[in-house]
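This report describes a two-chain model, first chain by chain and then at the contacts between parts. The structure is shown here.

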Amino acid sequence: MTAIPFPAPPADSAEVIALRAEFRAFLDQQLASRTPRQRSDNWYGYDRGFSRAMGQAGYLGMTWPKQYGGHERSAFERAVIVEECLAAGAPVGAHWIADRQSGPSILKFGTEAQKQAFLPRIAAGELSFGIGMSEPDSGSDLAATRTKAVKDGDVYRVTGTKVWTSFAHEADYVILFCRTSGTPADRHMGTSQLLVDLKNTPGLTIKPIIDLAGQHHFNEMHFEDAIVPADMLLGEEGQGWDQVMSELAFERSGPERFLSSIELMVQLIEVLKGRDSDAAQITVGRVTARLAVLRRLSRSVAGMLQEHQNANLQAAIVKDVGALFEQALPEIARELIDAEADPRAAGAYASVLANIVHNSPSWSLRGGTREILRGIIARGLGTR
Amino acid sequence: MLAEMITRLFERSLDDAAQAAAREGQWLPALWAEVEEMGLPLALLTEDQGGFGLSFAEAGEALRLLGSHAMPLPVAETMAANQLLAAAGLPLAEGPSGLARADDLTISNGRLSGTVARVAWGEQLDCLALAVGDKLYRVPRSGWSVAEAGTALNFHPRPSLALDWAIDAEAALPWCPLAGGATVRAYQIAGALEAALEMTLSHTATRVQFGKPLQKNQVVQHELAKLAGELACATAAADLAGEALARRDVLGVAAGSQRAREAAGAGASIATQMHGAIGFTREHRLHLYTTSLWTWRDEFGGQVSWAKLLGSAAIDAGGPGYWPMVTAL
């Protein structure tokens with residue numbers, strides 16, 4: 001059979017149950033003054049103070065070795081922290097990329113000196129990372145990357161442009177995907193990854209890209225003969241493609257792929273309470289069933305990663321189905337409640353709905369577009 | 001192990017002629033005898049209850065195989081009925097059994113009478129596990145006659161039964177009587193979608209149009225990816241319902257059942273479209289699965305009642321209580 005296995009996730013252990021309760025109490029305390037509108041920012045809320053509190057309490061670098069500041073917990077325990085943050089609308093932006101993908105990439109490919117320099121500070125919630133992959137002419141087609149890094153003694157001289165880097169204006173570092181030999185025609189060959197200091201790199205300028213909601217998350221990073229120390233090469237020169245694919249696998253499987261609009265569901269239920277109709281109950285039931293099943297699929301992927309199984313196909317399915325789910329919520333809400341969304345409204349429902357409608361188009365673009373993901377799934381089914 | 005035995009049995013004894021006979025409403029006694037000999041009707045029971053103490057994964061695999069072979073006998077129904085009968089402390093079915101709830105029956109002078117709507121293979125069953133109010137009855141075949149014929153979308157019989165029975169086997173109803181039926185249907189749906197995806201991959205690989213196999217077209221690949229997504233959701237939904245049934249959590253069953261019902265419709269639609277006109281015929285085996293998917297998604301409570309049950313609980317939980325409710329499912 002061609003069935004795509006999604007192994008049953010193990011039942012929550014006593015440790016996991018205790019961790020969830022303890023962490024919910026932590027979030028209640030940390031987020032007491034956070035408004036519904038702020039919570040609806042979900043994983044793109046940015047607050048260094050919250051990230052430091054997370055680090056101090058031991059909730060970052062959960063699965064990493066203790067020698068690098070980690071806590072040697074299981075993938076499931078990390079999954080609890082991640083999903084509870086998202087469900088509560090915690091401002092995770094300042095540690096999100098570092099904890100999810102940059103740190104694990106450094107742990108996997110970095111030198112001992114890099115591990116010691118970066119990982120403890122990420123786990124402490126002090127070091128914030130962005131992503132340096134897409135370019136103006138190379139979005140989904142990452143292998144067409146043109147940004148060039150030329151070795152010159154003990155530095156790389158970097159020239160090129162990266163786009164869509166969330167929080168480059170706030171963060172400390174990016175992992176830059178670039179070409180260290182050959183041309184874009186060489187595709188996967190000759191690519192590498194560099195750790196680039198966003199605050200102290202001569203020749204690097206960062207410009208905002210304002211999104212349709214008028215918000216400044218995205219940036220353009222322009223490298224003009226910028227100097228990066230050669231010891232900031234991550235992994236092996238020329239192995240950038242395999243490394244960046246591994247980094248993307250961390251990016252595609254998590255619960256942020258179906259929880260982005262969860263605050264709208266919370267506010268919708270608040271509005272419906274006491275005036276719910278049969279239609280409202282049925283609709284909320286359908287949505288809840290979809291959510292529960294997506295959560296199970298995501299936990300199944302976490303279990304596969306814990307067992308070091310290849311879950312690229314499963315992760316692509318979760319992200320594809322998950323993005324459809326989170327993008328459908330505003331449309332479903334609009335079928336139940338007449339309300340004009342207003343990004344500056346004082347009221348919870350109108351402002352949350354506005355934020356979700358404005359931001360939802362990006363959810364099937366980030367981390368691989370819907371079209372790219374379906375290509376990955378089709379290849380996994382053996383069609384090409 | 002069990003999965004291999006079931007697969008071998010179906011490959012040996014369940015051919016297209018048997019499927020066609022079942023669509024004419026004919027009972028397949030030889031196949032039932034083999035199923036019974038294998039012990040499948042007891043697959044959801046613990047060892048204490050007279051079963052084999054199968055793991056959750058093994059029982060689920062057996063149920064999925066009933067779906068992926070479009071099993072034209074009420075095996076899944078008998079498994080669910082026996083589970084409920086055993087939990088209530090009533091004797092198990094000795095042959096094929098049904099599972100139903102009927103709340104508008106009359107009880108007078110120790111007799112139960114009235115109509116039970118649309119019971120799969122009702123004429124051929126040995127007994128019926130019947131929930132009325134807070135009681136479960138084990139009604140023997142002598143306790144009913146067929147009131148009205150009925151036919152499912154896959155052309156298997158769904159007669160309505162006229163009951164007139166002197167009650168001699170009753171117990172307190174252990175839990176929601178339709179939960180077991182909804183759960184076995186979710187597994188069958190997952191199995192049928194697995195078969196439908198397999199067939200769709202095979203068809204689009206071999207069918208050449210405009211000089212290339214269909215599945216070399218990106219638009220076809222994307223539909224296959226969507227079908228794989230529905231299969232993934234149905235598989236996880238069935239497991240969600242199965243685990244919830246084991247701990248008697250009716251909301252978890254509602255969530256799993258509801259999502260599997262949704263996948264049945266969406267998946268059948270993609271599979272048929274990708275087959276083109278041949279998928280709309282009885283010449284191609286796809287129809288065994290699409291017609292069964294359309295049947296199963298509406299049985300043991302429909303999607304309206306299960307979604308309403310879950311949705312009203314979610315709204316009662318309130319905004320702040322919503323996520324904790326979801327993580328408990």
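## Terms and source

A residue is called buried if 20 or more other C-beta atoms lie within 10 Å of its own, exposed if 12 or fewer, and partly exposed in between, with C-beta atoms placed from the backbone. By this criterion, 55% of the 329 residues in chain B are buried, and 53% of the 384 residues of chain A.

The model is predicted: local features need pLDDT of at least 70 and side-chain atom pairs count only at pLDDT 80 or more, while totals for chains, interfaces and linings use all residues. Residues are numbered from 1 along each chain as its sequence is written, and chains are lettered from A and ligands numbered from 1 in the order in which they are written.

## Chain A

Chain A contains twelve helices and eight strands; these are DSSP runs, numbered from the N terminus, with helices being H or I of at least four residues and strands E of at least two. The radius of gyration of chain A is 21 Å, close to the 21 Å that the globule rule gives for 384 residues, so chain A is as compact as a globular protein of that length. That radius is taken over C-alpha atoms, and the globule rule is 2.2 Å times the number of residues to the power 0.38. Along the principal axes, the C-alpha atoms of chain A fill a box of roughly 70 × 50 × 45 Å.

Two residues are in contact if their C-beta atoms, placed from the backbone, lie within 7 Å. Of the contacts in chain A with a separation of 6 or more, 74% are between residues 24 or more positions apart.

## Helix α8 of chain A

Helix α8 of chain A covers residues 262–272, and nine of its eleven residues are buried, so the helix is largely enclosed by the rest of the structure. Among the buried residues are A:I262, A:E263, A:L264 and A:Q267. The buried residues of α8(A) pack against α2 (36–39), α4 (75–88), α9 (278–306), α10 (312–336) and α11 (348–359) of chain A, and also against α10 (303–328) of chain B. After α8(A) comes A:G274, with a positive phi near 85°.

## Chain B and its domains

Chain B has ten helices and ten strands. Its radius of gyration is 20 Å, which agrees with the value near 20 Å for a compact globule of 329 residues. The C-alpha atoms of chain B fill a box of roughly 75 × 55 × 40 Å along the principal axes. Residues 24 or more positions apart make up 69% of the contacts in chain B with a separation of 6 or more.

Chain B is divided into domain 1 (2–172) and domain 2 (177–318), with bounds that come from an automatic or database domain assignment. The centres of the two domains of chain B, taken over C-alpha atoms, are 22 Å apart. Contacts link 23 residues of domain 1 of chain B to 24 residues of domain 2 of chain B. On the domain 1 side, α4 (56–68), α5 (75–88) and β1 (97–101) of chain B each give two or more residues, and α4(B) gives the most, with eight residues. The residues of that side divide into 14 nonpolar, six polar and three charged. Here Ala, Val, Leu, Ile, Met, Phe, Trp, Tyr, Cys and Pro count as nonpolar, Asp, Glu, Lys and Arg as charged, and the others, Gly among them, as polar.

## Contact between the chains

The contact between the chains takes 44 residues from chain A and 39 residues from chain B. On the chain A side, α8, α9, α10 and α12 (370–380) each supply at least two residues. The most come from α9(A), with 18 residues. This side of chain A divides into 23 nonpolar, ten polar and eleven charged residues.

## Nonpolar core

A nonpolar core is a set of buried Ala, Val, Leu, Ile, Met, Phe, Trp, Tyr and Cys residues joined through C-beta atoms within 7 Å. The largest one has 216 residues, and those with the most contacts inside it are A:L194, B:I189 and B:A237. Helix α7 of chain B (residues 218–246) gives the largest share of this core, 16 residues. Apart from neighbours within four places in sequence, B:A237 is in contact with A:V293, B:A186, B:G256, B:R259, B:A260 and B:A263.

## Positive phi in two phenylalanines

Most residues other than glycine have a negative phi. B:F210, in the loop between β9 (208–209) and β10 (212–213) of chain B, has a positive phi near 55°. B:F210 is exposed, with 7 other C-beta atoms within 10 Å.

B:F300 also has a positive phi, of about 55°, and is found in the loop between α9 (286–296) and α10 of chain B. B:F300 counts as buried, with 25 C-beta neighbours inside 10 Å.
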